[in-house]
Amino acid sequence: MLKRTDLFPAKVKVRWVKRPSLYFLLFGIAIVGFGTVTVASQSHGQHREAKDVSASSEPNLDKTVAADGKVAKKLNQALEDNHFSGTALVVKNGKVLLHEGYGKANVQKNRSNNPKTTFPIASTAKILTAILVGQSVDAGKLSYDSKLSDYYPNVPNADQITIRDLLTMTSGLKQSKQPEEYSNDMANVDFSAANAESSGGVIGTGDGWSYQPINYRLLAGILMKVTGKSYQELCQQTFNHNAKLGISYYPAFKQAANLANAYQVGTDSERDVTTVEYQRETGTGNVAMTTGQLYQLYRLFFTNKLTKNHQDLLVQHLPAHYASGLYGYGSVYEGHGIFSGYESNVVVSNQGKDAVILLSNQYDKEHSFQKVGQEAFSQLTGKEAP
């Protein structure tokens with residue numbers, strides 16, 4: 001049976017001050033210049049229309065920016081010293097302080113990573129599904145209190161599980177068996193519904209919380225049912241046609257000239273998974289983006305350009321701190337994803353104007369750059385990263 005490769009984390013996330021550090025990096029406190037960025041504009045008050053939602057061309061997120069300021073320079077050196085392979089983006093108050101590629105996107109073609117390189121972002125993409133849910137709520141097609149039983153009545157405890165519980169992964173569901181074939185997204189979700197089982201968590205609470213992708217696959221199925229469109233059609237309309245982000249979806253991103261291939265850490269050996277393992281990630285992570293596209297997405301989200309009120313999607317069921325693809329502690333939010341050699345790390349605050357984004361095409365459990373990004377963000381902003 002094919003084994004899922006994107007299962008992080010398994011338990012309730014512990015605040016960073018209680019966890020051992022993975023790196024010896026010490027970052028100095030930097031005073032950086034404050035700038036402003038205009039990411040999107042609203043026209044006639046209709047923020048969901050195509051002409052109103054497009055991301056701003058300022059700052060230019062396609063070009064390389066050398067490290068500017070003490071913290072950015074420290075991070076740049078740390079990434080080089082620890083053989084980071086990927087692209088790094090650092091933004092403070094809308095000003096890009098670092099946007100650099102490191103290592104190779106394609107060893108065989110001698111193509112280096114750069115700001116235009118795309119990476120499968122794995123579970124970081126769950127925010128896309130959450131945003132689509134928020135839009136359906138805004139349109140009156142769903143409620144955060146809608147019951148799973150309205151759409152998948154045969155799922156265990158479906159009459160007790162709400163849309164909110166799926167967004168926060170507090171449904172008490174898990175999926176042990178994964179499909180070994182694929183026909184379409186709806187059939188993929190139907191397989192998940194038919195193989196749903198209890199995770200042992202208490203429904204609607206953070207007690208016994210665990211990270212279970214089935215929650216977002218079921219949300220994708222619900223979205224397809226209430227809109228009559230495929231999941232990819234919904235994403236294409238919202239994030240590319242309306243928001244002009246230009247993100248790509250499987251299988252198209254596999255043929256993209258700017259895709260970063262995944263490699264075994266410290267080698268030139270490529271890593272990959274079967275076609276089915278990509279295809280079955282409906283609603284949970286079969287998307288590829290650049291660092292700039294991901295930053296623009298968060299800016300649009302946190303400034304209510306994609307939904308009426310982004311805070312509606314960030315309601316948590318404590319003690320779990322997860323909601324809508326983000327771990328939130330106070331005003332700081334973190335996204336993380338792993339998939340067959342790829343790792344995505346995001347720490348963001350200040351309505352998306354402050355961010356550290358690291359997208360990598362070399363990952364294993366002993367070679368994560370999550371801590372590096374967290375520490376850089378904390379020193380850059382003075383805010384505690386989760």
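Reader: What makes β13 and β14 a hairpin, and which residue in the turn has a positive phi?

Author: The model is a predicted one, and in it β13 and β14 form a hairpin with two residues between them. The residue in the turn with a positive phi is Gly 330, at about 65°.

Reader: How do you know that β13 and β14 pair?

Author: Two strands count as paired if at least two bridges are found between them, and β13 (residues 326-329) and β14 have three bridges, in the antiparallel sense. Within this pair, Tyr 327 stands opposite Glu 334 of β14.

Reader: What joins β14 to β15, and how do the two strands run?

Author: Seven bridges join β14 to β15 (residues 342-349), against a requirement of at least two, so the two strands count as paired, and they run antiparallel. His 336 stands opposite Asn 345 in β15. This hairpin also has two residues between its strands, and Ser 340 takes a positive phi near 45° there.

Reader: Why is β14 called mostly covered?

Author: A residue is buried when its relative accessible area is under 20%, and eight of the eight residues of β14 (residues 332-339) are buried. Val 332, Glu 334, His 336 and Ile 338 point one way, while Tyr 333, Gly 335, Gly 337 and Phe 339 point the other way, and all are buried.

Reader: What makes the sheet open, and which strands stand at its edges?

Author: Seven strands form the open sheet, in the order β2-β1-β16-β15-β14-β13-β12, with antiparallel pairing. β2 (95-102) and β12 (322-323) stand at the edges with a single partner strand each, so one side of each has no neighbour in the sheet. Further inside that order, β15 and β16 (residues 354-360) pair in the antiparallel sense over seven bridges, and Val 346 has Ile 357 of β16 as its bridge partner.

Reader: Why is helix α6 described as largely enclosed?

Author: Eleven of the 14 residues of α6 are buried, so the rest of the structure largely encloses this helix. Among the buried residues are Ile 214, Asn 215, Tyr 216 and Arg 217. As for its length, α6 (residues 214-227) reaches 20 Å from its first C-alpha to its last, close to the 20 Å expected at 1.5 Å a residue. The helix is followed by Gly 228, which has a positive phi near 75°.

Reader: How do you know whether Met 169 is buried or exposed?

Author: The relative accessibility of Met 169 is 4%, and the cut-off for buried is under 20%, so Met 169 counts as buried. Met 169 lies in the loop between α4 (163-167) and β6 (173-175). Leaving aside residues up to four places away in sequence, Met 169 touches several residues, including Lys 126, Trp 209, Asn 215, Tyr 216 and Tyr 322. Met 169 and Ile 214 are 45 residues apart in sequence, and 8.7 Å apart in space from C-alpha to C-alpha.

Reader: What makes up the lining of the second largest pocket?

Author: Twelve residues line this pocket, and Gln 135, Lys 141, Lys 229, Leu 234 and Thr 238 lie nearest its centre. The volume of the second largest pocket is about 310 Å³. α3 (126-138) and α7 (231-242) each supply at least two residues of its lining, and the largest share, four residues, comes from α7. By class, the lining has three nonpolar, six polar and three charged residues.

Technical notes:
Residues are numbered from 1 along each chain as its sequence is written. This is a predicted model: local features need pLDDT of at least 70, side-chain atom pairs count only at pLDDT 80 or more; totals for chains, interfaces and linings use all residues. Side-chain values use heavy atoms; hydrogens and water are left out. Buried means under 20% relative accessible area, exposed over 50%, partly exposed in between (1.4 Å probe, protein chains only). The expected span of a helix is 1.5 Å times one less than its number of residues. Contact means heavy atoms within 4.5 Å. On a 1 Å grid over the protein atoms alone, a cavity is a set of points where a 1.4 Å probe fits but cannot get out, and a pocket is an open set with protein on both sides within 12 Å along at least five of seven lines; lining residues have an atom within 4 Å of a point. Grid points are joined across faces, edges and corners, and a volume is the space filled by probe spheres set on the points. Ala, Val, Leu, Ile, Met, Phe, Trp, Tyr, Cys and Pro count as nonpolar, Asp, Glu, Lys and Arg as charged, and the others, Gly among them, as polar.
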